[in-house]
2 protein chains.
Amino acid sequence: MPAYRPSTPPPPPPTSARELISAHGGRVTRTRVAVIDVLLGSQHPLSHDEIAAALDGEHIAHDRVTLYRALEWLVEQGIAQRIASGERAWRFEIRRGGEHRHAHFHCERCGQILCLEDVPTPASAPLPPGFAVERAELVLHGACAACGRHAQEGEQ
Amino acid sequence: MPAYRPSTPPPPPPTSARELISAHGGRVTRTRVAVIDVLLGSQHPLSHDEIAAALDGEHIAHDRVTLYRALEWLVEQGIAQRIASGERAWRFEIRRGGEHRHAHFHCERCGQILCLEDVPTPASAPLPPGFAVERAELVLHGACAACGRHAQEGEQ
DNA sequence: ATTTTTGATGCAACATTGTAGCATTAGATT
DNA sequence: AATCTAATGCTACAATGTTGCATCAAAAAT
């Protein structure tokens, strides 16, 4: 029985996460949307663990394996990229602005990873014949400003 | 009772592995010597697993944990260095020729890692104030000559 | 609006890679 | 030869992923 409806409420505008997912032919699921939102909201690459913690913080239920698979899918689709930071776990970040690839800084004191937006990864290099480069990873290791300061103070 | 000894046999000339180890104040042990020899004999960085296989091949008994610790010690001493290749496991290579740092190529088809002796890692980069770089890692990912060839053949 | 299809999930079990603790061994020194 | 202690070689454990498979639900078809 169709009751009076005072003008259909406009559907919620599709979030960019939803768009991203269906544009790649994937199903829009809770975990995928949440993971993309978390990555979009971060200024530096996040590990599986950190992403899981972020989802917990927002009370978004999720399975460990499903999260791994969501990340795997994002990387396959080119939506996100994996970074082999200094630690054992992969880190993930959304690929912003097409082909812009930047370097990363890994602080060996606190473990933090930072995007160096101003430092491009070399696009080409002299290679043996027949070799084809698809992407490059450049990671600088050292001490970040905060950790460098602590060290100095400790030495005094 | 000092029996007649027909001239003391000359001690075996110290191998460079033995020299390297004692020069760093470490004890010369079977596993350390063997690991250094394996690394010296390889043209590309090796994983823990590959090193273990090499030792097995030469029937040199070794413990998994001891091997990890030997590698850890070599890195601490600056004799070897760790490389975060594309895969999950670390790879190790002897540091040849002081501070010469080169890039590496990771073939995403066959997993092989190759030293790019002609491609230096950038020694410096514009960083936020207070940041100090200690080392840089540059890894190019793509397809090596052999794998690229296979792909072409498969496409025909 | 239902039904159907199948991509994605969620769970348990397993695999890989690396660490920690500790009694024992053996390399170097006295 | 006796001593000292760095390293070893175990076992157990931790961290990080992966596989298999029954079930669910997002999207498509009816």
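The model is predicted, so local features need pLDDT of at least 70 and side-chain atom pairs count only at pLDDT 80 or more, whereas totals for chains, interfaces and linings use all residues. Residues are numbered from 1 along each chain as its sequence is written, chains are lettered from A and ligands numbered from 1 in the order in which they are written, and side-chain values use heavy atoms, with hydrogens and water left out. Chain A and chain B bury about 2,700 Å² between them, and 19 residues surround DNA strand C, as 19 residues surround DNA strand D.

**DNA strand C**

- The closest of the 19 residues that surround DNA strand C are Arg27(A), Arg30(A), Arg32(A), Arg69(A) and Arg64(B), where a residue is near a strand if one of its heavy atoms lies within 4 Å of it.
- Sugar or phosphate accounts for 56% of the atoms of DNA strand C within 4 Å of the protein, and the rest belong to bases.
- The side chain of Arg30(A) places an N or O atom 2.6 Å from a phosphate oxygen of DNA strand C, while the side chain of Arg64(B) has an N or O atom 2.8 Å from a base oxygen and that of Arg69(B) has one 3.3 Å from a base oxygen.
- H4(B) provides the largest share of the surface near DNA strand C, four residues.
- The residues of this surface divide into six nonpolar, three polar and ten charged, where Ala, Val, Leu, Ile, Met, Phe, Trp, Tyr, Cys and Pro count as nonpolar, Asp, Glu, Lys and Arg as charged, and the others, Gly among them, as polar.

**DNA strand D**

- Base oxygens of DNA strand D lie 2.9 Å from an N or O atom in the side chain of Arg64(A), 2.3 Å from one in the side chain of Arg69(B), and 3.2 Å from a polar side-chain atom of Arg88(B).
- H4 of chain A, together with helix H2 (30-40) and H4 of chain B, each supply at least two residues of the surface near DNA strand D, and the largest share, four residues, comes from H4(A).
- Six nonpolar, three polar and ten charged residues make up the surface near DNA strand D.

**Interface of chain A and chain B**

- The contact (heavy atoms within 4.5 Å) takes 35 residues from chain B and 34 residues from chain A.
- Of the buried area (the accessible area, with a 1.4 Å probe, that two parts lose on being put together, summed over both), 61% is on carbon and sulfur atoms.
- Four salt bridges cross the interface, each being a side-chain nitrogen of Lys or Arg within 4 Å of a carboxyl oxygen of Asp or Glu, and one of the salt bridges found joins the side chains of Glu134(A) and Arg109(B) (2.8 Å, N to O).
- The interface also holds 14 residue pairs in polar contact, both at pLDDT 80 or more; a polar contact is a pair of N or O atoms within 3.5 Å, and within protein one must be able to donate a hydrogen and the other to accept it, with residues adjacent in sequence counting only if both atoms are side-chain atoms.
- On the side of chain B that touches chain A, strand E5 (113-120) and strand E6 (132-143) of chain B are the elements that give two or more residues, and the largest share, twelve residues, comes from E6(B).
- That side of chain B divides into 22 nonpolar, five polar and eight charged residues.
- Strand E6 (residues 132-143) of chain A pairs with E6(B) in the antiparallel sense over eleven bridges, where two strands pair if DSSP finds at least two bridges between them, and Ala143(A) has Ala132(B) as its bridge partner.

**Strands within each chain**

- In chain B, an open sheet of three strands has the order E1-E3-E2 with antiparallel pairing, and its edge strands, E1 (46-47) and E2 (80-84), each pair on one side only.
- Five bridges join E2(B) to the antiparallel strand E3 (residues 90-94) of chain B, with Glu93(B) as the bridge partner of Gln81(B).
- In chain A, strand E4 (residues 102-107) and strand E5 (residues 113-120) pair in the antiparallel sense over five bridges, and His104(A) stands opposite Cys115(A).
- The hairpin of E4(A) and E5(A) has five residues between the strands, and Gly111(A) takes a positive phi near 85 degrees there.
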